[in-house]
Amino acid sequence: MEVVLEKKAETKVKYRSEKQNKKITNIIIFILLSIGAIFMVAPLLWMVSTSFKDIQEVYALPPIWIPESFDFIKYKEIWEKGPLLNGIFNSLIVAVSVTVIGTFTSALAAFAFGKMNFPYKNQLFLLLLTAMMIPYPVVMIPQFMIFSQIGWVDTLLPLIVPGLFGNIIMIFFLRQYLSSVPNSIIEAAKIDGCSYFKIFYKIIFPLVRPAVAAQLILWFMAIWNDYLGPILYLNSPEKQTLQLVIANFNSTYAIQSDYPLIMAASVVSLLPMLIVFIIFQKQIIESVAISGVKG
Amino acid sequence: MKTTSKLYQSERRNAYLFVAAPVIGFLIFTLAPTLYSLYGSFTNWNGLGQMNFIGIQNYIDLLTDESFHKTMYNTLFMMLGIPIGLVLALLLALGLNRAIIGTQVFRVLYYVPVISSLAAISILWQWAYNGDYGLVNQFLGIFGIDGPSWLMNKDTVKPALILMTVWKGLGYSMLLYLAALQSVPKTYYEAARLDGANAFQVFKNITLPMVKPVTFFIVVTSIIGGAQIFTEINVMTPTGGPEYSSATVVFYIWQKAFGNFEMGYGSAMAVVLGLFIFAFTYIQFKVNEKSSYDLD
């Protein structure tokens, strides 16, 4: 009896110490994660903080994290000193038109590749997949020459038109997603005399909507943040997308050391994506996770 | 029988219509330019006048072009960030996979750099690397270290860029690892515990093999992405850095093709870069294939 009791107490102690160990480990990890998080966020906070500073505070040693008075003047100046509003507008035109139309063409193609039968289906799909393996630098020189020949340089068209034809990553992703949709739904609709296009927008599209939403956001972000495409095609300041306008702010005002101004412009360029991310956080995280693990 | 074939015919017609856009898009914007790049790389194409066929002269020139070697080396060197990022991301994910308060908040905080625009981030880090007033040196100053002017020094510019790219991409890899870790069946860990495996054995024999597909995915996509690094270089070191020490291959292609109008030469470099990426990806796939057989 005594032995049993002793043993019980021993396991209890062991259990408790294990639990305690786990707790201590968790606290240590929490601290480490917090330190890491500070390093991740500090540069961004520094950016925001600098945008409110006056010149003396910018060059103050030791650094000042919280400016004495929050100076909003730079947030007023950025709209006057560069075509920032134009940049936002141009970026919106490109990103919205490409994602809306491109998503439609991609989803339609994903439906055909996922749920319809036609000769050379898999060969065509494989052909499209090879596009993912060809890096942009390989196609950029001929593409530029084509677009310059038809007079599209310094317009937004070279950035828009290729995207309208769809996005292979999105097609791939939606096709995978469609494999979980039972064929019987489509067969039933066919027997009812539904046209294929009607099947697509009445049945398929509503079903894949969550996947479409997530992919659309990721694509939107990629276009919004694109730099190499715009820098090749856009010359005049009023035609440039937001990222180029910001970069131009940097090359012009960094020499004159107006860092608060540049930082204010950078904050403005980050803000829309940050808001989109906070709103759609769940979808974005899920979509990234799924595409990485299963893709 | 007749109706079926009629139905099938209509399905076929519709299906071709539905896939027409991406297929045509692929032919016009990917396949044709790729073939044209290939052809252009054998010419002295300057973008304006005639394209004269000069055989493999461009490729021969590449063999002795020191700038090309340098940019190739720089590009490869900066890929050192990939393994660093992998290890950090996995450690982070392991931490965030525990029952700790605030994991949601941590996830967002680590992910914010990922969604931020690269141009703005590059400007921010350029300022952070400023020798006199930059955040990095002010931080080092706390420990009494007198940091250099990071981007102005040929020895520090590449490590500085690596640090920034790791910072920027960490959240993305972390998220992928986290998703993989959460899909590992709990029973595996319980069984290992019953067998008396220690933490390191569990990590080596369960966690690592289970997250292997993600590691593979990150390595392949990072190499493809890393080989094309351009924005950071263009914004932070517009001239390619001191002694061209931060210029990457794409940066050099961009300068040659769109600055000097050496389109043929630029195409040759693009072709080499493309082949390089293809070979790297191919090897990765082969290695992955082999080791997954070993697992079975």
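Q: How many residue pairs count as being in polar contact between chain A and chain B?
A: In this predicted model, 15 residue pairs, both members at pLDDT 80 or more, are in polar contact between chain A and chain B. The term denotes a pair of N or O atoms within 3.5 Å; within protein, one must be able to donate a hydrogen and the other to accept it, and residues adjacent in sequence count only if both atoms are side-chain atoms. Helix α1 (residues 2–51) of chain A gives the most to the side of chain A that touches chain B, namely 20 residues. Local features need pLDDT of at least 70 and side-chain atom pairs count only at pLDDT 80 or more, while totals for chains, interfaces and linings use all residues. Residues are numbered from 1 along each chain as its sequence is written, chains are lettered from A and ligands numbered from 1 in the order in which they are written, and side-chain values use heavy atoms, with hydrogens and water left out.

Q: What makes the pair Glu11(B) and Lys190(A) a salt bridge?
A: The N to O distance between these side chains is 3.4 Å. A salt bridge requires a side-chain nitrogen of Lys or Arg within 4 Å of a carboxyl oxygen of Asp or Glu, so the pair qualifies. The rule finds one salt bridge across the interface of chain A and chain B.

Q: What area do chain A and chain B bury between them?
A: They bury about 7,900 Å², with 78% of it on carbon and sulfur atoms. Buried area is the accessible area (1.4 Å probe) that two parts lose on being put together, summed over both. Met40(A), Ile141(A) and Phe165(A) supply 9% of the area that chain A buries against chain B, more than any other three residues.

Q: Which domains does the domain assignment of chain A give?
A: The assignment gives domain 1 (2–72) and domain 2 (74–294); such bounds come from an automatic or database domain assignment. Their centres, taken over C-alpha atoms, are separated by 36 Å.

Q: What area do domain 1 of chain A and domain 2 of chain A bury between them?
A: The two domains bury about 890 Å², 72% of it on carbon and sulfur atoms. Met47(A), Ser51(A) and Phe72(A) supply 53% of the area that domain 1 of chain A buries against domain 2 of chain A, more than any other three residues.

Terms used: Helices (H or I, at least four residues) and strands (E, at least two) are DSSP runs, numbered from the N terminus.
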